[in-house]
Amino acid sequence: MRLSERIKALTASPIRRLIPYADAAKAKGKKVYHLNIGQPDIRTPDEYFDAIRNFKVDTIAYADSKGRTEMRDAISGYYKSWDINYERDDIYITNGGSEALSFAVQTICDAGDNILVPEPFYANYNTFTKTALASIVPIPTKAEDGFHLPAKSVIENLINSKTRAIWISNPGNPTGAVYTAKELEMLVEIAKKHDIYLIADEVYREFTYDGERFTSMGHIDGALDRTIMIDSVSKRFSACGARIGCIAIKNKEFMAQVLKLCQGRLSVSTIEQVGAAALYKTPKSYLEEVNKEYKSRRDTLYTELKKIDGVICEEPKGAFYIMAKLPIDDSEKFVIWMLENFDINGETTMGAPGGGFYATPGLGINEMRLAYVLNNADLIKAANILRQAIAAYPGRLEAIKA
Ligand SMILES: Cc1ncc(COP(=O)(O)O)c(C=O)c1O
């Protein structure tokens, strides 16, 4: 039977598609350090579990398609604590930031349209774009510039009549870049001039280091009606399984249209919204502690990677990933090889192959995204395994050259 061209054009997530190799390695008794996926090991705050335990109803009903009022108000209050001014009516609750992203693209793109995205980018942006029959036009960025944006003219030259938006992850996954206010102002100028949207994926808002001041797209005046804000409790509160996010914009017409998608999927889990709303009552000290922990993990993984011969990477300023260039022929082959053929005392490390984070063919082939979501001791062990694996790997670049 026929399958759609649309589904066949999708690529499997580089973060998840090699999981069967990890499962096979574990079935053989290997321990795998998972640096491939942004799944933190930090405890979800008790507020989440307590609220769910205390939620007593006789019937577990559908929630409002826009989201429960207390959930929308909790997020509106949270935004205000960041000096970002979204009211309840500017916010709809979604199944994670993922659904919000997918809804954003479907609301603004027709078949053949395109969206500009700084490259490398979070791999699932491809999926959300391609399911809307649109495409990503990559904005080139360089590791040596800390993956910051190129000049305005470079971005403007990529815009054509089919361009509907510029889409950023800030702080960036996989780059760790934290955009400056000036960069965001530049994007706003471009968006206004060309009358396009901005998609601001800020699910890592709390994760910036070294005193880096976070500027939200919601802080930039004059573009709130064209800024589609994407958010999530997944990373902020280490609540990835709750699947609660939101889409927010100060634009009534956009909200009226995207509501059709919200209504089409009826609602987001009632119970999860009860738990997630309570997360926003978590004392601020929780987020401060978590930030310190990630900074220390960033320092650990970065220091360990710098010790490995031939590895090139920049110190990330935000989120919890490092995009590292390795002296290997192909990071996908290398990840599989490590899972199938390499271990130190029964333990191995898994990263995410870099190619999936690029739209430009051939880029990222010898890069790997490593998530510093494990504790420091495990990160040291994982990096040590990686170091020895690179030395032993048959596709090590020096070996090939020799
Ligand atoms: C940049 C970015 N945006 C959005 C998401 C989606 O997260 P969720 O659907 O769990 O909210 C992720 C998840 O890793 C991400 O890294």
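**Close-up 1. Strands S2 and S8 pair in the antiparallel sense.** Five bridges join S2 to S8 (residues 244-248) in this predicted model. Strands here are DSSP runs of E of at least two residues, helices are runs of H or I of at least four, and both are numbered from the N terminus. Two strands count as paired if DSSP finds at least two bridges between them. Ile244 in S8 is the bridge partner of Asn95.

**Close-up 2. Seven strands form an open, mixed sheet.** The order is S2-S8-S7-S6-S5-S3-S4. S2 (91-95) and S4 (135-140) are the edge strands, each pairing on one side only. Neighbouring strands are turned by 25° against each other on average, direction ignored.

**Close-up 3. Helices H6 and H8 lie across strands of the sheet.** H8 (residues 181-194) lies across S5 and S6, at about 170° to S5. Axes are lines fitted to C-alpha atoms, for helices over the stretch in contact (heavy atoms within 4.5 Å). Angles run from 0 to 180 degrees between N-to-C directions.

**Close-up 4. Glu99 is buried in helix H5 (residues 96-108).** Its relative accessibility is 13%. Buried means under 20% relative accessible area, exposed over 50%, and partly exposed in between (1.4 Å probe, protein chains only). A polar side-chain atom of Glu99 lies 2.8 Å from the backbone nitrogen of Asn95. Leaving aside neighbours within four places in sequence, Glu99 contacts Thr94, Arg265 and Val268.

**Close-up 5. A salt bridge joins Glu189 and Lys152.** The N to O distance is 2.7 Å. A salt bridge needs a side-chain nitrogen of Lys or Arg within 4 Å of a carboxyl oxygen of Asp or Glu. The pair links distant parts of the chain: Glu189 sits in H8 and Lys152 in H7 (residues 152-158), 37 residues apart. Glu189 is partly exposed at 44%, and Lys152 is partly exposed at 30%.

**Close-up 6. Salt bridges link Asp210, Lys295, Arg298, Asp299, Glu315 and Lys317 in a network.** Lys295 and Asp299 bring N and O to 2.6 Å. They are separated by about one helical turn because they stand four residues apart in H11 (residues 284-306). Glu315 and Lys317 meet at 3.3 Å, N to O.

**Notes.** Residues are numbered from 1 along each chain as its sequence is written. In this predicted model, local features need pLDDT of at least 70, side-chain atom pairs count only at pLDDT 80 or more, totals for chains, interfaces and linings use all residues, and side-chain values use heavy atoms, with hydrogens and water left out.

Methods: A polar contact is a pair of N or O atoms within 3.5 Å; within protein, one must be able to donate a hydrogen and the other to accept it, and residues adjacent in sequence count only if both atoms are side-chain atoms.
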